[in-house]
Amino acid sequence: MKIAFAGKGGSGKTTLSALFTRYLAAAGAAVVAVDADINQNLGAALGAPADDLARIPPLGSHLDEIKVLLRGDNPRIASAEAMVKTTPPGRGSRLLDMSSRNPLHSRFGLPASGATLMVTGPFSEDDLGVACYHSKVGAAEMYLNHLVDGPGEYAVVDMTAGADSFASGLFTRFDVTFLVAEPTLRGVGVYRQYAEYARDHGVEIRVIGNKVQDDSDVEFLREHVGTALAATFGHSPFVRAMEKGRQPDLSELEEENVKTLGWMRDSVDAAEKDWARFTRQSAEFHVRNARRWADAATGADLESQIDPDFVMGPEALEAQRA
């Protein structure tokens, strides 16, 4: 399953992204964790040494290389230069699985807490004042567009804060979005905004209340988000230690919070996997981008890149391997 962690800045979404990644990996699952947040703190939250993190090639700095790889020999894509972040895969594209054979994992991944960590990367000196962060996150969107994940496999993405991910179709690339909300008006305000933007796109949003201290905090969240409230994290010395840069053993996590992580995994596993919708939404947002800016920017008819007879998923991956 593909899972997003979203929420306002400071809500604890990076910490919970890391904690959920560690929980899945400790259970023996195949997990890829992608840091798509402008602040780039997921690696540290997973306990990766700073020297190792500094050596990870950022996805956002190697877009041309990624495009060449993903284009494959798709005849509808004239060149790698003609690809944009929403260009959907089709017959001949290079689809990706979750194995060690995945060339993006081997090229851009770092082992961290039993998972494979990839990062979109921070702003470079050349970006300052002239670029937005969507150029970096576009690499994660291309990765997810071409990724075929199977049972017991998880891609966990730590998103940018707030509703910034709605600047592209990235928000539709997930089977479940966990929105981390503190029991405050600002915390639940991000949920309302997210839910409004996602309303017509079949996005499965589940609110995880964080930093909950008592029953009144739970009632506050229920009052403001209703049945979207899925679970809560209470006061946690374990999480507090993580936020201070320490890495306690997962066996030290409080029992109630272990149960919450278990429920989160069960709810993700029970989510519907709809490859037809995933494919359709890829095409819809590519058309939007083509008509708004991408056709003019590339000088090409990018809608012709859409393969009308292609459906993303396990069957397409098997056809590629044949």
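This is a predicted model: local features need pLDDT of at least 70, side-chain atom pairs count only at pLDDT 80 or more; totals for chains, interfaces and linings use all residues.
In what follows, Ala, Val, Leu, Ile, Met, Phe, Trp, Tyr, Cys and Pro count as nonpolar, Asp, Glu, Lys and Arg count as charged, and the others, Gly among them, count as polar.

**Cavities**

- Searching the whole structure turns up three cavities of 30 Å³ or more, and the largest cavity holds about 150 Å³ of space.
- The lining of the largest cavity is made up of 16 residues, and those lying nearest its centre are Thr172, Phe174, Asp175, Arg277 and Phe278.
- Helix H11, which spans residues 275-298, supplies four residues of this lining, and that is the largest share.
- By residue class, the lining of the largest cavity comprises seven charged, five nonpolar and four polar residues.

**Packing of H7 with H8**

- Helix H7 (residues 185-198) packs with helix H8 (residues 215-225) at an angle of about 30°, and the two axes lie 10 Å apart.
- Because angles under 35 degrees count as roughly parallel, H7 is described as roughly parallel to H8.
- The handedness of the crossing between H7 and H8 is right-handed.
- On the H7 side the contact is made by Leu185, Val188, Tyr191 and Arg192, while on the H8 side it is made by Phe220, Leu221, His224 and Val225.

Methods
Residues are numbered from 1 along each chain as its sequence is written. Side-chain values use heavy atoms; hydrogens and water are left out. On a 1 Å grid over the protein atoms alone, a cavity is a set of points where a 1.4 Å probe fits but cannot get out, and a pocket is an open set with protein on both sides within 12 Å along at least five of seven lines; lining residues have an atom within 4 Å of a point. Grid points are joined across faces, edges and corners, and a volume is the space filled by probe spheres set on the points. Helices (H or I, at least four residues) and strands (E, at least two) are DSSP runs, numbered from the N terminus. Axes are lines fitted to C-alpha atoms, for helices over the stretch in contact, and angles run from 0 to 180 degrees between N-to-C directions. Angles under 35 degrees count as roughly parallel, over 145 as roughly antiparallel, 65 to 115 as roughly perpendicular and the rest as oblique. A crossing is left-handed if the near helix is turned anticlockwise from the far one by less than a right angle, and right-handed if clockwise. Contact means heavy atoms within 4.5 Å.
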